[in-house]
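Hello,

Here is the structure for you to look over. My notes follow below it.

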Amino acid sequence: MSATPTLPIDVTGIRKLLPHRFPFLLVDRVLEFEANHRVLCHKCVSANENYFQGHFPEQPVMPGVLVIEALAQAGGILSHLSRGDLVPGGISYLVKVDGAKFSRMVVPGDRLELEVTIKREIRNMTLYLGIARVDGEQVACAEILCAEVKG
């Protein structure tokens with residue numbers, strides 16, 4: 001297990017943990033971390049996000065699939081911080097999403113809070129429960145299964 005990280009972790013530190021880059025790096029900051037259990041991250045949703053150009057430009061809404069992707073990325077951060085390099089030279093891939101529910105639209109100006117907990121680990125896979133909130137109100141949730149695959 002790796003040492004407890006210094007929090008918060010900004011986007012520069014997140015880039016060291018995840019292979020994602022613009023426009024698909026969807027986590028801006030890691031606020032809380034409990035090894036092998038939970039992480040709390042956030043993403044500031046800006047009107048300048050490229051997906052708003054085509055996703056209802058007159059009434060911009062963050063696509064639900066990107067909210068789920070942000071939760072999956074937070075899960076990858078949780079696993080990486082908990083265990084260090086999961087698979088040397090490997091990468092985490094989204095395998096399955098179950099029970100996704102969307103309760104409210106995410107719009108420019110929102111701060112998306114991403115809380116992810118580990119439900120179960122099976123070999124090279126991790127099942128997460130992800131809950132996305134804005135101002136403390138749940139906007140989406142899903143169970144997310146990710147696999148670590150050697151590159």
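**What turned up**

The second largest pocket has a volume of about 180 Å³. Its lining is made of 13 residues, and those closest to its centre are Arg 15, Phe 22, Pro 23, Leu 25 and Asp 28. By class, 7 lining residues are nonpolar, 5 are charged and 1 is polar. Please keep in mind that this is a predicted model.

Next, the core. The largest nonpolar core holds 38 residues. Those that touch the most other members are Ile 14, Met 62, Ile 77, Val 106, Leu 112, Leu 114 and Ala 132. At least two core residues come from each of α1 (11–17), β1 (29–34), β2 (38–44), α2 (64–83), β4, β5 (125–134) and β6 (137–150). Helix α2 gives the most, with 10 residues. In soluble globular proteins, nonpolar side chains tend to be buried together.

Leaving out residues up to four places away in sequence, Met 62 touches Lys 43, Val 45, Tyr 51, Phe 52, His 55, Val 67, Val 106 and Leu 112.

Then look at Glu 115. This residue sits in strand β4, which spans residues 111–122. Is Glu 115 buried or exposed? Its relative accessible area is 18%. The cut-off for buried is under 20%, so Glu 115 counts as buried. Its side chain makes a polar contact of 2.7 Å with the side chain of Arg 38. Arg 38 is also among the residues Glu 115 touches, not counting those up to four places away in sequence.

Best wishes

Terms used:
Residues numbered from 1 in each chain as written. Predicted model: local features only at pLDDT ≥ 70, side-chain atom pairs only at ≥ 80, totals over all residues. Heavy atoms only, no water. 1 Å grid on protein atoms, 1.4 Å probe; cavity = no way out; pocket = protein on both sides within 12 Å on 5 of 7 lines; lining within 4 Å. Points joined across faces, edges and corners; volume = space filled by probe spheres on them. Nonpolar A, V, L, I, M, F, W, Y, C, P; charged D, E, K, R; others polar. Helix = DSSP H or I, 4+ residues; strand = E, 2+ residues; numbered from the N terminus. Buried < 20%, exposed > 50% of the residue type's maximum accessible area, 1.4 Å probe, protein only. Polar contact = N/O pair within 3.5 Å; in protein donor to acceptor, adjacent residues only side chain to side chain. Contact = heavy atoms within 4.5 Å. Core = buried A, V, L, I, M, F, W, Y, C linked by side-chain atoms within 4.5 Å.
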